[in-house]
Structure formats: C-alpha cells, structure tokens
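Colleague: I would like to go through this model with you before our meeting. Could you take my questions one at a time?

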Amino acid sequence: MISEKLAQALNEQMNNEFAAAQTYLSMASYCEYRNYSGFAHFYLQQVEEERHHAMKIYSYLNDRGIRAIITATPAPTTSFDNLVHTFEVALLQEKEVTKSFYQIMDMAWEEKEHATISFLNWFLDEQVEEEATFDRHIEYLKRIREDKNALFIYEKELSTRSFETE
C-alpha cells in the first residue's frame, strides 16, 4: 500500500506537472506575441507533454485506489527577456522537477513501494531527456546569437515537433 505521505507527494507532483504546462503555455504566448511561431509551436507541444505527465500520475493514483486531488496552480511566469531566457527558465523548471522526482523516489525506496519505484523510473528517464533538450536549445541559441538566417532555419525545425504519447 502507498502511504499517505507518498500519495501526497505524488498528488503534489501531478499538480506540479499541470503548473509546468501552464508555464510552457505562457512561454508559447510570449513567443507568439514576438512572432516566433516555430518556438511557440515547440512550447505548445511541451504543454501537451507536461499534461500527459500529469495524467500519467493521475491514472497511477487512481489505479492504486488513491484519489487524485487537483489543486490550484500558481500563476506562471509571464515576463521573459528574450528567447534564450525562455529556455533558461524552462531548464531551471525541469531541474526542479527532477529534484522533486528524486525526493519521491527516495520515499518510495524507504517504503519499499516497488510498484511506485517502477512507475517513477519512467519519469526519471524522461527528466534526463528534458534537461538535455533544454540545455541543447540554450547552447544552440547562444551560438546563433543575432544570425537571423540561422534563427529562421532553427525556428522552422522547431515548428515540426510533434508530441506523441508512448
């Protein structure tokens, strides 16, 4: 059985995933406003991915006989200096998500909650990919700097991203 403490942590993480989706939606809005539709598209795909993550936790909780508690999400960041800044904020957010999943995993190990450990492994693998992706985008954008042709090509590439559930 999942302890109340572990159930609460999973519920909090589910809501954190919904909050992350809101932050990515805010980033998409910033990009759209600045006429960076390819970057906006990238972030809209990220919104869907974060919602999917939240719903995975939602389903897991319900499958385990625990009610998923949906709470209010804090208002997302809406102020960004530039495109690079959106990716820097995203990377920091993903690092916090990773830290949170580590803490939940530690709880699951302490409780010897093997099903939850197995479930959480997917998220830990996903977080490695998420952090690497945002780090790579930051580095690419810094390399591009003010090269409008390179930025155009890069944005066009990002506009082709599609989120597919596994």
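Predicted model: local features only at pLDDT ≥ 70, side-chain atom pairs only at ≥ 80, totals over all residues.

Colleague: Where does R136 lie?

Modeller: R136 belongs to helix α4, which covers residues 114-144.

Colleague: And how far apart are the C-alpha atoms of R136 and F87?

Modeller: They are separated by 9.5 Å, although R136 and F87 stand 49 residues apart along the chain. F87 is one of the α3 residues that meet α2.

Colleague: Let us step back to the whole chain. How many helices and strands are there?

Modeller: The chain has five helices and zero strands.

Colleague: What does the C-alpha trace span along its principal axes?

Modeller: The span is about 55 × 25 × 25 Å. The chain has 166 residues, of which 46% count as buried.

Colleague: What share of the contacts comes from residues 24 or more positions apart?

Modeller: Such residues account for 81% of the contacts in the chain, taking those with a separation of 6 or more.

Colleague: Now the packing. At what angle do α3 and α4 pack?

Modeller: The angle is about 160°, and the axes of α3 and α4 are 9 Å apart. Angles over 145 degrees count as roughly antiparallel, and α3 and α4 are therefore roughly antiparallel to each other. α3 passes α4 in a left-handed crossing. The residues of this contact divide into 19 nonpolar, five polar and seven charged.

Colleague: What about α1 against α3, parallel or antiparallel?

Modeller: Helix α1, residues 4-33, packs with α3 at an angle of about 170°, with the axes 11 Å apart. That makes α1 roughly antiparallel to α3. In the contact of α1 with α3 there are 16 nonpolar, six polar and three charged residues.

Colleague: And how do α2 and α3 pack?

Modeller: Helix α2 (residues 37-63) and helix α3 (residues 83-110) pack at an angle of about 15°, and their axes are 13 Å apart. That makes α2 roughly parallel to α3, since angles under 35 degrees count as such. α2 passes α3 in a left-handed crossing.

Colleague: Which residues of α2 and α3 meet there?

Modeller: From α2, the residues are F39, F42, Y43, Q46, E50 and I57; from α3, they are L83, T86, F87, E94 and F101. By class, this contact of α2 with α3 has seven nonpolar, two polar and two charged residues.

Colleague: Which residues does Q93 touch?

Modeller: Leaving aside residues up to four places away in sequence, Q93 touches A20, T23 and Y24. As for M105, Q93 is twelve residues from that position in sequence and 18 Å from it in space, C-alpha to C-alpha.

Colleague: Finally, the backbone. Which residue takes a positive phi just after α1?

Modeller: That residue is N35, with a phi of about 65°, although N35 is not a glycine. N35 lies in the loop between α1 and α2 and counts as exposed, at 67% relative accessibility.

Colleague: What phi does K112 have?

Modeller: K112 has a positive phi of about 55°, and K112 is not a glycine either. K112 is found in the loop between α3 and α4 and is exposed, with a relative accessible area of 61%.

Colleague: And what of the position just after α2?

Modeller: G65 takes a positive phi of about 80° there.

Note on methods
Residues numbered from 1 in each chain as written. Heavy atoms only, no water. Axes fitted to C-alpha atoms, helices over the stretch in contact; angles between N-to-C directions. Helix = DSSP H or I, 4+ residues; strand = E, 2+ residues; numbered from the N terminus. Parallel < 35°, antiparallel > 145°, perpendicular 65-115°, else oblique. Left-handed = near helix turned anticlockwise from the far one by under 90°. Contact = heavy atoms within 4.5 Å. Nonpolar A, V, L, I, M, F, W, Y, C, P; charged D, E, K, R; others polar. Buried < 20%, exposed > 50% of the residue type's maximum accessible area, 1.4 Å probe, protein only.
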